[in-house]
Amino acid sequence: MSLLLRRRSRSETRPQEIAAAERAKQPESEKPDRQQHQQQQQQAKHHQMRQPHPHASEQNLTKLGLVSSGSSGMGRRKTSAELISEAKLFLGESVNAAPLMATGGARLVSTRRPITPRESGRVLYGKVALAGRPPSAFSMRYLQNEKPSTPRQLPALPGSGPATPMPTRNGALLCQSSTETLIELLKQHRGLKDCSDETVQHINAILQELYTRVRKQERSFKRGFILGGLYGLVECSSPRVLLAVARVVLALRVTGSNLTGACKLIFKVARHEQHDALFHEHDVLELLIDGLGHASPLDEPEACIYAYGCIRFLTASSAQERDDALNRNWIGLESSGDSQALPPPAPMPPALSAISAGLCPRKLTGQQTLVSRLARHGAVELMILHLQMLNEAGATKRLQGPPLHTLYQLSAAMRALADVSQQQQRLQLQLQLACPHLIRAAEVSMGELEVQANVVRTLSVLSEDSDCCETLHNYAARIGLLLGPSCAGGGQCSERLLAVLSRLGYMLGNILAKHESARIQYFQNDVAMEYLLNVLEQLNERSPTSVALLDAQIKLIRVVANMSVNPEVGAGLGNVRSLGAVLLQLLGKTSAELAQKKTAEQQELLHATLGALHNLCFYQDKQAVVHPLAEGSLQSLIDDLSASLAKVLGSCQTSVTKVELARVLGNLTRNERARRCFCAAGGLPLMVQQLTKQAAGQDYELRTCAIGVLVNLLGDGEQRGPFLQLRGAELLSLLLRGALEQEDWFLANIVCQALWNLLIDGQCAANLCQSGNILDEVSDLLADYLDEERLLTGDNDNDNDEDDPEGEQEEVDATDAETDPDPEAHDALWEDFALVATDLLERIQNNFDRQQQSQTSPQVDNEDDKDVFIEEM
């Protein structure tokens, strides 16, 4: 029967006790005298004073949000991947790994943001035409009430005569003219289209004066009279004139068709990116929000459609650039040209610039400035109000026509605002309040893929923000229910449907990566789980012919991976129907396709699948005996999975994929049945082959993960003999020497654990003792590096640096601060190594003693001689 190797804490095994144990194992001639013994005790006391807390490694885990298995007792086992990540965190080699770790021996899976296709230009609805929608291009001639005049030049200005002189072209007398005179001047330009800069300047001066008077709320003029003069200019080609006309119309607090006309004018200008700078020159956006405040998305839907379309155009440019930059960054900058692919004039994306700039403020881009103005003027509150009105209407009757199109534009505008909200706390808070209403909107728009895709797209962006994700996690199962109708019809999935599935998966993956309660909530909702399984099955049946299909699979597999971080959920998912079959099929299909044609999407799908298997396999260390195994569940396919992993590992050529495979095997081979199936498929020679290649290689993660798998495999007695035949003992000795020479205490620790499992077998131990060379070398290495004087000597050497000149010392300190690991964490790793290495050294010595005492008598097993598995794997 296998036992766990007990990891003892400082309270159980002190440095003094380690030294005493070493003295007890030494021959009498080699034991130190009394004075040396006292000196060792003082050194051990000095070393203990340097670590005043119970255990430095446990404290570092707590600070990073990780949980140790406990300082004493049997505790839970940790995966090899978890041990590796902890060591890298201690040594300062993997700062970014902390958010990807999770308690319970599982880790989170991260994916890139869904790709948003770039539109060729600013269009209202994209490529797909919606029935009954207002057009993207329109004519406003129908708003004119009078016939346009044929002349298109400036009117002649009389030199004298009238008591009230007409204003000159430079506008000096405009303020002295009556409102009626200003309107008459505008009417002389009715039907004007192409015009010179001088004409534009003249008309704008008139409109500015008119706007100033209207804003003062003069009651001496009639609204209809003013509008009649303004609408004669709606066909003008000058964007400045159109915006000036819209400002006056909105200042009149119009409603109905007049409000719609003003919104169309602004939209007409905003359709072209080269006009964006005009919106920074005056308050037209604030006036637009004021005008929408008097409109209803149900009664004046066209005004809302064009207004929100305008807001989307003006604020979405940086959002698209951020999409491109983030996805380009996710690819890993595999080629040096990736960083040069961004267009030179484009500003740095907000998310990336926030990282690079830290806490330093930076100048807002043009889009961000407009967003800030809209937020201060209550645009988001108005959007939420309109969203509530649309949701209430959709609850009683299915939305269609213009109100449905309003929801499309409104959600797209909110998404554009969300994309640049990271630097504006108030806007983030407002968007957080919008999350529940957007979820309801996604339900209301069920069956309308174009609209629902926009709503879900907005939610997926909001899920990246921690505050919004905090709100969304209460609706995890409800969001999961949106998957149900997506593939209900069967047949071929459209690109738009796949986009909805991808963004739903991305949003759920973000939520489940951060909130434990959401994982349990989702798993316990049988309907949501059934929908997820159905979608995974249906997508898996289709051949991966498009990037959209692969992206949807990646995001939905990530949902499974992040959900299974929770122990209860991870254990339960092992016996869920068809999930194991889906993952197994993806593993085989994706690895085979990668062997033929390597693509970034195929690689990501394979790694997401391995991430899900990594978490699920951690909870399959014991065979289920209580419940019958569900068809297609992971537990029912342990044999097939073990053989498939061996096959994929044998054909894999990519180092990073080998690491992920080894991580999965590190968890899976804790299961006795999985170990035997993996070795039956040639797994043991494969692992030895990987370690032989990496014995002196640069891939540290692959080396440590492979050793972790080997520790588990050597826990079975039938694998130790074949391991010796593969010259495994020499390999472990080589790995141990390399790790100790580099003072890599973590790697040395797990190599010692592999040797411990190997030497449990009496026949293996006897064979190695007879040859002598390998165990002699291991014993000498352990005795040398277990000597605490080596550490203390190193510390004293550092202390002697105080005698160096001041300038040189400062230079050394600056270098050490950047490259040296944390000394406290380094000492904690050494003490962990010392505990295991001391036991191993004692076992080797006992084996030599037994070999000398009797060559024929059977060995008597005691508790320490039983098969062991490493606890923290």
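This report walks through a predicted model of a protein chain, from its overall make-up down to a few single residues.

## The chain as a whole

Let's start with the big picture. The chain runs to 873 residues, and 55% of them count as buried. Its secondary structure comes to 40 helices and 2 strands.

What about contacts along the sequence? Taking those between residues at least 6 apart in sequence, 78% join residues at least 24 apart.

## A look at helix α23

Helix α23 covers residues 526–541 and has 16 residues. At 1.5 Å a residue it should span 22 Å, and the C-alpha atoms at its ends are 23 Å apart, so the two figures agree. At the start of the helix, a side-chain oxygen of Asn525 comes to within 3.2 Å of the backbone nitrogen of Val527.

Which residues of α23 are buried? They are Ala528, Met529, Leu532, Leu533, Val535, Leu536, Leu539 and Asn540. Turn to the face pointing away from the buried side and you find the exposed residues Asp526 and Glu541.

Gln603 belongs to helix α27, residues 600–618. With 12% relative accessibility, under the 20% cut-off, Gln603 counts as buried. Leaving aside residues up to four places away in sequence, Gln603 touches Leu594, Lys598, Thr654, Val656 and Thr657.

Ser633 sits in the loop between α27 and α28 (638–651). Is Ser633 buried or exposed? Its relative accessibility is 0%, so Ser633 counts as buried. Again leaving out residues up to four places away in sequence, Ser633 touches Gly574, Asn575, Val576, Ser578 and Gly580. Ser633 and Val582 are 51 residues apart in sequence, yet their C-alpha atoms are 9.1 Å apart in space.

## Rings and charges

The structure has 5 aromatic pairs. Phe267, Tyr306 and Phe313 come together as one aromatic cluster.

Two arginines also lie over aromatic rings. The charged end of Arg670 sits over the ring of Phe618, 4.5 Å from the ring's centre. Arg843, for its part, lies over the face of Trp756, at 4.3 Å from the ring centre.

Arg727 is not a glycine, but it has a positive phi of about 60°. You'll find Arg727 in the loop between α33 (720–725) and α34 (728–741). Arg727 counts as exposed because its relative accessibility is 58%, over the 50% cut-off.

Glu743 is not a glycine either, and its phi is positive too, at about 55°. Glu743 lies in the loop between α34 and α35 (745–760). Its relative accessible area is 35%, so Glu743 is partly exposed.

Conventions
Residues numbered from 1 in each chain as written. Predicted model: local features only at pLDDT ≥ 70, side-chain atom pairs only at ≥ 80, totals over all residues. Heavy atoms only, no water. Phe/Tyr/Trp six-rings, centres within 6.5 Å; stacked < 30°, edge-to-face > 60°. Lys NZ or Arg CZ within 6 Å of the ring centre and 35° of its normal. Helix = DSSP H or I, 4+ residues; strand = E, 2+ residues; numbered from the N terminus. Expected span 1.5 Å × (residues − 1). Buried < 20%, exposed > 50% of the residue type's maximum accessible area, 1.4 Å probe, protein only. Polar contact = N/O pair within 3.5 Å; in protein donor to acceptor, adjacent residues only side chain to side chain. Contact = heavy atoms within 4.5 Å.
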